[in-house]
Amino acid sequence: MDRKKIAYKNISFSFLLKILNMGIVYLTIPFLLKFLGDTSYGIWVTIFSVINIIFFIDGGIINGLKTKLTQAISSNDIKQARIYISSSYLIISGISFVFLLLGVIGIKFTNLSNLLNTFSVPENDLKGVFLICLFFIVFNFILSIYKSLFYSIQKVAFVELAMFIYQVIVFGSVYYVYENFSSSIVTIAYIYGLANLVVGVFFTILFFSKRLQLLPSIRLMKLSNLNGMFKLSIEFFLIQLSMIVIYTSDNILISNVLGPEYVARFDVVFKLFQVIITISVLLMEPFWPLFSDAYEKREIKWIRNIFNKYNKLFILFIAGVFIFSTLINPILSLWVGEIYKVDLTFLVIMSFFVIIRVYPVLYMYFLNGIGNMKRQVILYVLGAILNIPISIFLVNHFNLGIKGIVLGTIISIFLMTILLPIKSYAILKSND
């Protein structure tokens, strides 16, 4: 396997698609803001964040599948690969049904107006949007297994292609309703749900149509067949559960503590900084299956070489983040208007957040790829325990507003930037 060629091909194609993808996202947001207004947009972003939690709580099966399926295919063990795929569909479907049931009950008995700190949208309308989103997310959750399937065969770029097509459908639909319909969160919920459903079905069929030997079988759909993935999946589950608290709670905290209009302000600024996070993760993501393959074959020198190059490049990355932060306000003025401009302190805090968020990612992918998860689990769980109370403390006692919530996230994930690289190099040293 020529890993350099595979990595270059995946990164270059994915990079092009991601740039186009982000461009469409940023074209869509102004129309969403105009169609919904600040408060309704904030409500929509918060609802979308809450419902998408399901994608994180998958029992770790999808990420466990990504690692174990890559190893099975690298070993040319087609039967084991089919067992992993078939059994994963079974358990993900079961989890989805449970979440659909719990979600319906939770929506029925939760006062959503109080949760989101808004009374501009009737309670019944909020419940209706939550139910629509829940329905689509549950079915799209099952279909999202196609992402792990493409990862396992070193076709990472196909995942970006799927996202690109999804965003094109969303943009075209949002623009159409903006021109022809009155403001409605329900309409936006249908657009996002249906677009995801169409893409998931198409790419699932695309994968199996060219790899009939990997088709799932009812005969192989047994929970006992997941024994090899179970421990790894539990660890991924704990990490993902912690990630919900650390990364997806910000919108809920902002809405509940400050109001949904502040979610809109935070979201448009975060979307710009997210460009850097997204591109960085994109460049590193193809290395997950490559690390799995290299470690399986004990090609430690290749892994060490990747780490060393990464550390040198990250110095340039840090400089790039701070340079980019100076462009945020001019971009905001052109993109969504002067009202969304932010102060220098917030830009500096967001820059540190991006740096701390990005640096450990390559080492996480290495540890994920070899199934060494213990330290990550401990750090993520610790971060999840600290995040919300620290964020609320900084907001209430220091009157820091949105800045306090971002600082709380920074504090909760800081240890990962130090301890995960140390763990990764220790593993390489023990295999020299």
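Is K271 buried or exposed in this predicted model? K271 counts as buried, at 17% relative accessibility, where buried means under 20% relative accessible area, exposed over 50%, and partly exposed in between (1.4 Å probe, protein chains only).

Residues are numbered from 1 along each chain as its sequence is written. In this predicted model, local features need pLDDT of at least 70, side-chain atom pairs count only at pLDDT 80 or more, totals for chains, interfaces and linings use all residues, and side-chain values use heavy atoms, without hydrogens and water.

**Exercise 1.** Identify the salt-bridge partner of K271 and locate the pair.

*Solution.* Step 1: apply the criterion, a side-chain nitrogen of Lys or Arg within 4 Å of a carboxyl oxygen of Asp or Glu. K271 meets it with D267, the closest N and O atoms being 3.0 Å apart. Step 2: place the residues. Both belong to helix 12 (residues 260-284), four residues apart, about one turn of the helix; helices are DSSP runs (H or I, at least four residues), numbered from the N terminus.

**Exercise 2.** Describe the salt bridge between K127 and E123.

*Solution.* Step 1: the N to O distance is 3.4 Å. Step 2: the two residues lie four apart in helix 7 (residues 123-143). Step 3: K127 is buried at 16%, whereas E123 is partly exposed at 21%.
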